[in-house]
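Please look through the sequence and the model shown here.

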Amino acid sequence: MRKIYAWEPWFFIFFGIFHLHRIWALFSREAYASFWMGILQNKGVSYFLIMGVLASLCVLGITVFIKNRKHNFWWRWVYLFGGGYLIFDLFAIAAGIKFWSDLLALMFDTASPYWNVIWMTFILIGALSFALGVSLLYKKRNMNKTDNLH
């Protein structure tokens with residue numbers, strides 16, 4: 001039987017909010033870039049807290065995908081591909097892989113003509129993730145109501 005775990009809607013809501021915060025990048029390029037480049041370069045407590053939470057959620061999602069491989073919902077593929085990408089991203093940042101550092105430098109280049117395209121793409125991903133989380137929350141509640149009737 002297919003089951004939506006209680007934490008799954010919140011997973012997508014959390015990642016949605018995390019990506020939606022990038023609206024800040026559209027209003028203050030320099031402040032946004034400075035904040036995140038500071039986090040990434042200093043690798044202090046904030047860095048490890050953020051990266052630890054993100055990595056843990058991705059590992060949890062990938063584990064659920066694998067555990068339910070014969071009866072997954074379509075949206076659990078996000079755990080596999082999105083989680084895999086994010087774990088690679090976190091690894092590449094932590095390991096200081098040069099091509100990834102160069103890519104991040106380009107992404108946070110406030111003079112880039114692609115700045116709005118890059119960050120609006122992340123904002124769109126955030127909005128879709130948030131909407132999916134809210135949708136799953138309602139589906140989970142309806143599943144629980146149906147289960148209680150039996």
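Which helix gives the largest share of the lining of the largest pocket? In this predicted model, that helix is H5, with 9 residues of the lining. H5 covers residues 77–95. At least two lining residues each also come from H1, H3 (29–42), H4 (45–67), H6 (98–107) and H7 (115–149).

The lining of this pocket consists of 32 residues, and those nearest the centre are His 19, Arg 22, Tyr 85, Leu 86 and Phe 122. By type, the lining has 26 nonpolar residues, 4 polar and 2 charged. The space inside the largest pocket is about 680 Å³.

The protein as a whole has 7 helices and 0 strands, and its C-alpha trace spans about 60 × 30 × 25 Å along the principal axes. Of its 150 residues, 37% count as buried. Where residues at least 6 apart in sequence are in contact, 73% of those contacts join residues at least 24 apart. The accessible surface is about 9200 Å², and carbon and sulfur atoms account for 71% of that area.

Phe 18 lies in helix H1, which runs over residues 8–20. Is Phe 18 buried or exposed? Phe 18 counts as buried because its relative accessible area is 18%, and the cut-off for buried is under 20%. Beyond its neighbours within four places in sequence, Phe 18 contacts Trp 36, Ile 50 and Leu 54. Trp 36 is 18 residues from Phe 18 along the chain, and their C-alpha atoms are 13 Å apart.

Notes: Residues numbered from 1 in each chain as written. Predicted model: local features only at pLDDT ≥ 70, side-chain atom pairs only at ≥ 80, totals over all residues. Heavy atoms only, no water. Helix = DSSP H or I, 4+ residues; strand = E, 2+ residues; numbered from the N terminus. Buried < 20%, exposed > 50% of the residue type's maximum accessible area, 1.4 Å probe, protein only. Contact = heavy atoms within 4.5 Å. 1 Å grid on protein atoms, 1.4 Å probe; cavity = no way out; pocket = protein on both sides within 12 Å on 5 of 7 lines; lining within 4 Å. Points joined across faces, edges and corners; volume = space filled by probe spheres on them. Nonpolar A, V, L, I, M, F, W, Y, C, P; charged D, E, K, R; others polar. Areas by Shrake-Rupley, 256 points an atom, 1.4 Å probe, with all protein chains shown as cover.
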